[in-house]
Amino acid sequence: MNYIGSKYKLSDFIKTSVQTIVGDSLKDKVFCDLFAGTGIVGRNFKTSVKQVIANDLEYYSYVLNRNYIGNHLPVEFSGYITKLNLLEGIEGFVYKNYCLGGSNRQYFSNQNGLKIDAARLQIEKWKVSDEIDENMYYFLLASLLESADKVANTASVYGAYLKKLKKTAQKELKIVPANFETTTNQHKVYNQDSNTLIHIIEGDILYLDPPYNARQYGANYHMLNTIAKYDTFVPAGKTGLRPYERSDYCKKGEVTSVFEELVKNAKFNYIFLSYNNEGLMKEEEIRQIMKRYGRYDLVTTAYQRFKADKTENRNHKANATTEYLHILEK
């Protein structure tokens, strides 16, 4: 999934840095990914630690992490995935509000909008009738979200749709299983404000990857929340935005105070903060805050970050970025 701030390319750097500071043996450690996003970092630690705690304010992120992190035992999914792919399309909420056949918006082709609606409604029917349990429910939802994202008619994020269907958006939706790593240990997944959740969780390693800038994830990924929740609301404006929660980590006047509050209340031995040189908080601000609560260190790495172009095609420009990993031993 194309995702702002994804740590996919940095996951090995993060894990190696954590092991260097904490020690190579992680099997008895509780690792928390408090701003989990698509769950890339938590997935990378899942088979190495005693337990992963994953959290994110956005519901689509909760769905992904409830599958990739929360599911730890195998699920027998093959028959259900096959049934979803064979469904006839239905004129549901997505088709009526986000496809040209039902509105003036074109986030998906008409055909794929119909198929998304049919699959989402069927998954809910299986859940309501108790044909599937929660583990299977979130597995199927995660599979639908990721598969729908692959045929979305956008330039990586859902802040706007493209005027013409690009090549990938013209392909027929095929729901592909969102497979996960199995473990003997159970894990925890939350859908809460991080500064609220920090009061009721504890562990060994706290990994923080908050938003870096003013872009609100609830707006940029509103379409994924709409598919995941499949609730009723009146889409707003040209882009069909849904009501969304705004994070204080995206506000210049709020971010330093909420960050310090988080660090102060964290009941974890080690805190690792990913942040880059383009963020709202400056390196010196972060250093001064973290040094108040223990022993501070910093490691950096340079990497090529890609962001969507403003053309009508999903082109990308490489941007040299410095990633900071701020380290606190409380």
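**Figure 1. Ala-152 in the loop between α7 and α8 of the predicted model.** Ala-152 counts as buried, because its relative accessibility is 1%. Its place is in the loop that runs between helix α7 and helix α8 (167-170). Gln-216 is shown for reference: the C-alpha atoms of Ala-152 and Gln-216 are 19 Å apart in space, while 64 residues separate the two in sequence.

**Figure 2. Ser-156, a residue with positive phi in the loop between α7 and α8.** The phi angle of Ser-156 is near 80°, a positive value in a residue that is not glycine. Ser-156 lies in the loop between α7 and α8. With a relative accessible area of 7%, Ser-156 is buried.

**Figure 3. Asp-130, a residue with positive phi in the loop between α6 and α7.** Phi is near 65° for Asp-130, again a positive value in a residue other than glycine. Asp-130 counts as exposed, since its relative accessibility of 65% is over 50%.

**Figure 4. Packing of helix α6 against helix α7.** Helix α6 covers residues 110-128 and helix α7 covers residues 134-150. Their axes lie 10 Å apart and meet at an angle of about 175°. An angle over 145 degrees counts as roughly antiparallel, so α6 is roughly antiparallel to α7. On the α6 side, the residues in contact are Ile-116, Ala-119, Arg-120, Ile-123, Glu-124, Trp-126 and Lys-127. They meet Tyr-137, Leu-140, Leu-141, Leu-144 and Ala-148 of α7.

**Figure 5. The stacked pair of Phe-31 and Phe-45.** A search of the whole structure gives 18 aromatic pairs. One of them joins Phe-31 and Phe-45, with ring centres 4.0 Å apart and 10° between the planes. The pair counts as stacked because its planes are under 30 degrees apart. It links distant parts of the chain: Phe-31 belongs to strand β1 (residues 30-33) and Phe-45 to helix α2 (residues 40-46), 14 residues apart. Phe-31 and Phe-45 are both buried. Lys-15 lies over the face of Phe-45, at 5.6 Å from the ring centre.

**Figure 6. Thr-232 in the loop between α11 and α12.** Thr-232 is found in the loop between α11 (222-229) and α12 (255-265). Its relative accessible area is 76%, so Thr-232 is exposed. From Thr-232 to His-72, the C-alpha separation is 32 Å, and the two residues are 160 places apart along the chain.

**Figure 7. Residues 308-317, where pLDDT stays under 50.** For the protein, the mean pLDDT is 93, and 95% of its residues reach 70 or more. Over residues 308-317, pLDDT stays under 50. The model has 24 contacts beyond four places in sequence for this stretch.

Methods: Residues numbered from 1 in each chain as written. Predicted model: local features only at pLDDT ≥ 70, side-chain atom pairs only at ≥ 80, totals over all residues. Heavy atoms only, no water. Phe/Tyr/Trp six-rings, centres within 6.5 Å; stacked < 30°, edge-to-face > 60°. Helix = DSSP H or I, 4+ residues; strand = E, 2+ residues; numbered from the N terminus. Buried < 20%, exposed > 50% of the residue type's maximum accessible area, 1.4 Å probe, protein only. Lys NZ or Arg CZ within 6 Å of the ring centre and 35° of its normal. pLDDT = per-residue confidence, 0-100. Contact = heavy atoms within 4.5 Å. Axes fitted to C-alpha atoms, helices over the stretch in contact; angles between N-to-C directions. Parallel < 35°, antiparallel > 145°, perpendicular 65-115°, else oblique.
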